[in-house]
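Trainee: I am new to this structure. Please pick one part, look at it closely, and then say how the rest is packed.

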Amino acid sequence: MALNIYLRHGSNCAAKQALHAMTYEADEHRRNWKNCACPIYASGTIAGKFKRRNTERTAWPEARQIATDWENAGSWLDARSPQPLHTSAQGVPAVEQSPDRITIAEAIAAFLAIREGSEIASATVRKYKTFTKQLAAFADARGYVMLDQFTSADIDLFYGRWKLGARAKGKALGTLRGFFTFCVNREWLPKSPVTRDLKPPLGANKVANKIPFTDDELTRIINACDQLPAVSWSNGATHGTWAGDDTKDFIWLLAYTGLRISDAALFDMERLRGNEVFLRAKKNGGDVFTWIPDWLCNRLFARAKRHGHTPFMVGKSERLDTVTDLWRRKVNKVFELAGKFDETPTPHRFRHTFARILLQRGVSLADVADLLGDDEKTIRVHYARWVPERQARLTKILQDAFDDKPKPKLIALPARTA
């Protein structure tokens, strides 16, 4: 089927057409029609893939030729790359190649390559990939190919469509700014289309509550695992049954290591060395380990004997999101069975519980920061208030320090009469 070509009007349309309004060649034969230099797009299906793409032309014969090239090549990518069109002082279209222009796909590929090579956490890389996928889809829907086609109005619309909480949307705005700053720094754009007045929503800078489970809540959660019904599973090669003990193992791993749910879901037995669980390599050298008791080691080895070296990955899919979501649903079901909580229970609260238990046992803030991969200041701000024993120790220190210091003489007060 032949591609459909149409003119899509931009924000600076000389004919004052509405932004993104679409008109066709036949429209230009109407009386009192005002011509403009807005680009012509092609849309349709090639090799089973529907796309809208900018031909980078403002003359209909040239745009039709570009569309024909794409059709003959049978691919949106294999056809010759369209050249940007500029308009002369006399208003006559003139094709002029600009070697400095870069496509959106090229910019995204470079952005991801730099981040993947910087040894940042895999979860962070996944967030960057999700962001760039959304940006590419937005550009494709508008028919944009070149990076410099993005306008501030486009970015406002792209950002405004995100249905996220205040803190998540604030972080997403930081990623959006970071991408276009990356492009500006490489001189692919003269300036960022993300304007300074684009602000995060109210509440974006509010510190997240890091509320651990109490010992009583931990007990209720573990006991609730016994209420889970057994569920049969099969991955094509083998089969088995899930029960409450499987979820107990997962929860105990979270609580005893402080691992995030995604890291626990992909837990590899190579992390386990004796009773020590490898957490991460420190940037300044040295590895960080946590310790687990013999009984938990034995349970993990028993699981590995049944399910392999990644004992919590059981199923056909090895995608992180799929495996993590499976365990998130299981743990959330346990939360439902455990009764009411003062604060909404989440799997991440086991990580906060790990920090709370260590601090209550007198482990230093610096050591807890090492184990969680945070800095000492963060631990002090977010976790110290959940350790009443620590405050009691500080109170005792202050009492002892000022016990022998001068005090005012106490004046006996007369007894009260009824």
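Mentor: Take strand 3, residues 40-46, in which 6 of the 7 residues are buried, so the strand is mostly covered. Buried means under 20% relative accessible area, exposed means over 50%, and partly exposed lies in between, with a 1.4 Å probe and protein chains only. Strands (E, at least two residues) and helices (H or I, at least four) are DSSP runs numbered from the N terminus. The model is predicted, so local features need pLDDT of at least 70 and side-chain atom pairs count only at pLDDT 80 or more, while totals for chains, interfaces and linings use all residues. Residues are numbered from 1 along each chain as its sequence is written, and side-chain values use heavy atoms, with hydrogens and water left out.

Strand 3 has neighbours on both sides, where two strands pair if DSSP finds at least two bridges between them. With strand 1 (residues 4-8) it runs antiparallel, joined by 4 bridges, and Ala 42 in strand 3 stands opposite Ile 5. With strand 4 (residues 49-57) the pairing is also antiparallel, over 7 bridges; there Ser 43 has Arg 52 as its bridge partner. Strands 3 and 4 form a hairpin with 2 residues between them, and Ala 47 in the turn has a positive phi of about 55°.

These pairings belong to an open sheet of 4 strands in the order 2-1-3-4, with antiparallel pairing. Strand 2 and strand 4 are its edges, each pairing on one side only. Helix 1 packs on this sheet, touching strand 1, strand 2, strand 3 and strand 4, and its direction makes about 145° with that of strand 4. Contact here means heavy atoms within 4.5 Å; axes are lines fitted to C-alpha atoms, for helices over the stretch in contact, with angles from 0 to 180 degrees between N-to-C directions.

Helix 1 (residues 60-73) has 14 residues and spans 20 Å from its first C-alpha to its last, close to the 20 Å expected, the expected span being 1.5 Å times one less than the number of residues. Trp 60, Ala 63, Ile 66, Ala 67, Asp 69 and Trp 70 are buried in this helix, and their cover includes strand 1, strand 2 (22-23), strand 3 and strand 4. Gly 74 follows helix 1 and has a positive phi, near 70°.

Now for the rest. A nonpolar core is a set of buried Ala, Val, Leu, Ile, Met, Phe, Trp, Tyr and Cys residues joined through side-chain atoms within 4.5 Å. The largest one has 51 residues, of which Ile 221, Phe 250, Ile 251, Phe 267, Leu 300, Phe 350 and Ile 379 touch the most other members. Helix 7 (residues 244-257) gives the largest share, 6 residues. A second, separate core of 29 residues includes Phe 111, Phe 131, Ala 172 and Leu 189. Leaving aside neighbours within four places in sequence, the contacts of Ile 221 include Phe 213, Val 334 and Phe 341.
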